[in-house]
Amino acid sequence: MANAGVGFCFFTCILFASLSSASAASNQNVTDNPADQLVAVINSNRTASRSSSLYSNPGLGCLALQYIKEYEGNCKAVGGSDAKKPADSEFSNSFAPHCGVEVSTLTPITGRLLACQSKYVNPSDAFSKILMENERSIEIVHSRNHSEIGAAVSGSGGGGPYFWCVLFSNGTSNSSFVLQGGVERVERPGCFSGASDACSGAADALATRGFDLMWLAMFAAFVAFTCGVGF
């Protein structure tokens with residue numbers, strides 16, 4: 001009977017280690033930046049139609065996140081009769097200072113995409129099913145006037161609604177939307193493209209992660225108890 005108990009403990013320890021490794025790998029995927037992924041989808045779409053790939057400018061990405069925050073979680077303000085649009089002056093008066101972007105390096109915004117919905121979707125679906133809502137959106141994405149791009153995604157109050165914003169510019173890399181000290185400021189909540197820190201905008205993925213970790217903790221407690229008392 002003792003041998004059976006030792007065998008069980010050995011087996012469960014191996015199983016727990018395997019589950020922990022799988023969870024760690026899953027958690028690593030959770031930290032992927034959805035704003036960077038959205039930029040990748042847009043650039044892939046552009047190059048497929050023989051348009052040039054755009055430089056992902058972190059300063060512009062941070063401005064896109066500030067643009068989202070102007071809506072204060074109000075989806076109705078994104079479109080329809082209650083739609084609003086932040087004044088251009090906000091870029092120099094508010095957005096740039098919050099991001100640590102040198103105001104003198106701001107360059108014209110040549111296009112904007114903004115969307116909001118109650119549930120989080122992956123970046124590919126956000127692009128194809130939410131942001132590309134009409135012919136005008138397609139024209140903006142494929143415009144040859146752009147040279148840089150900045151994207152952001154953010155939830156509201158720890159959950160939905162979720163906002164997606166993409167800003168385009170005709171600036172020159174390394175001389176437009178320059179960050180003070182060359183380092184972007186971490187802005188939370190939300191993620192923006194080009195940021196050096198890991199970021200996840202998928203609240204549902206984080207919830208799944210928490211659920212998985214809870215079960216792993218319960219399993220670990222069970223193993224510790226059974227192996228401690230023996231069979």
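The largest pocket in this predicted model has a volume of about 320 Å³. A pocket here is an open set of points on a 1 Å grid over the protein atoms alone, where a 1.4 Å probe fits, with protein on both sides within 12 Å along at least five of seven lines. Grid points are joined across faces, edges and corners, and the volume is the space filled by probe spheres set on them.

Who lines it? There are 17 lining residues, meaning residues with an atom within 4 Å of a point. Val78, Arg112, Leu113, Leu114 and Glu133 lie nearest the centre. Strand E2 (109-117), helix H5 (123-131) and helix H6 (135-142) each give two or more residues to the lining, and E2 gives the most, with 5 residues. Helices (H or I, at least four residues) and strands (E, at least two) are DSSP runs, numbered from the N terminus. By class, the lining has 10 nonpolar, 2 polar and 5 charged residues. Ala, Val, Leu, Ile, Met, Phe, Trp, Tyr, Cys and Pro count as nonpolar, Asp, Glu, Lys and Arg as charged, and the others, Gly among them, as polar.

On to the helix pairs. Two packed helices are described by the angle between their axes and the distance between the axes. Axes are lines fitted to C-alpha atoms over the stretch in contact, with angles from 0 to 180 degrees between N-to-C directions.

| Helix pair | Angle | Axis distance |
|---|---|---|
| H2 (residues 34-48) and H5 | about 60° | 8 Å |
| H3 (residues 58-69) and H4 (residues 89-99) | roughly 120° | within 9 Å |

That angle makes H2 oblique to H5, and H3 is likewise oblique to H4. Angles under 35 degrees count as roughly parallel, over 145 as roughly antiparallel, 65 to 115 as roughly perpendicular and the rest as oblique. H2 passes H5 in a right-handed crossing, and the crossing of H3 and H4 is right-handed too; that means the near helix is turned clockwise from the far one by less than a right angle.

Contact means heavy atoms within 4.5 Å. From H2, Pro34, Gln37, Leu38, Val41, Ile42 and Asn45 meet Pro123, Ser124, Phe127 and Leu131 of H5, a set of 7 nonpolar, 3 polar and no charged residues. In the other pair, Cys62, Leu63, Gln66 and Tyr67 of H3 touch Phe91, Phe95, Ala96, His98 and Cys99 of H4, with 7 nonpolar, 2 polar and no charged residues.

A cis peptide bond, omega about 0°, joins Gly160 and Pro161, and Pro161 sits in strand E4 (residues 159-169). Arg50 isn't a glycine, yet has a positive phi of about 70°; Arg50 lies in the loop between H2 and strand E1 (55-56).

Residues are numbered from 1 along each chain as its sequence is written, and side-chain values use heavy atoms, leaving out hydrogens and water. As the model is predicted, local features need pLDDT of at least 70 and side-chain atom pairs count only at pLDDT 80 or more, while totals for chains, interfaces and linings use all residues.
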